Amino acid sequence: MLRRVSSGEDPYVGLVLDRQFRVEELIGTGAMARVYRARQLAIDRDVAIKILRPELIAQKEIVARFRREAHIAARLEHPHVIVVHAVGEVPRAGGVLAEPYAALELLAGPSLAQALEATGGTLPLERA
């Protein structure tokens, strides 16, 4: 179920996905997806919501890869692998293809790009 609780510049901010994740702010973008901070309402915790970019949803191979990566990651348990809490789709009206999303553990700290910038473009082997 999709419910908008506020409006703004970003079409995803304010959405409540599957009656459990309220999208609150954009925190990063990549070639395949946008990542948002969201609130998991039932248990009152912050999560990351990774949503496939809408311009990619017509490419079946990319959609399949996005879903496959989320399902594989969800089966892994390791301190250095992010936890996948849920997967779903951002519903669209009128038969329009929906963007898949993954609800992930939200980690605090710098991005990889920020860490590389801070160290001059390389990380020590132990850190990497």
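Reader: What covers the buried residues of H1?
Author: The cover includes strands E4 (33–40), E5 (45–52), E6 (84–90) and E7 (99–105), where contact means heavy atoms within 4.5 Å. Helices (H or I, at least four residues) and strands (E, at least two) are DSSP runs, numbered from the N terminus. This is a predicted model: local features need pLDDT of at least 70, side-chain atom pairs count only at pLDDT 80 or more, and totals for chains, interfaces and linings use all residues. Residues are numbered from 1 along each chain as its sequence is written, and side-chain values use heavy atoms, leaving out hydrogens and water.

Reader: Which residues of H1 are buried, and what puts them on the same side?
Author: Val63, Phe66, Ala70 and Ala73 are buried. They cover an arc of only 105 degrees around the axis, taken from the directions from the helix axis to the C-beta atoms, so they share one side of H1. Lys60, Glu61 and Arg75, on the other side, are exposed.

Reader: Why is Asp10 called buried?
Author: Buried means under 20% relative accessible area, exposed over 50%, and partly exposed in between (1.4 Å probe, protein chains only). Asp10 has 13% relative accessibility, so Asp10 counts as buried. Asp10 lies in the loop between strand E1 (2–4) and strand E2 (15–17).

Reader: What makes a set of residues a nonpolar core?
Author: Its members are buried Ala, Val, Leu, Ile, Met, Phe, Trp, Tyr and Cys residues joined through side-chain atoms within 4.5 Å. The largest such core has 14 residues, and Ile49 is one of those that touch the most other members. E5 supplies the largest share, three residues.
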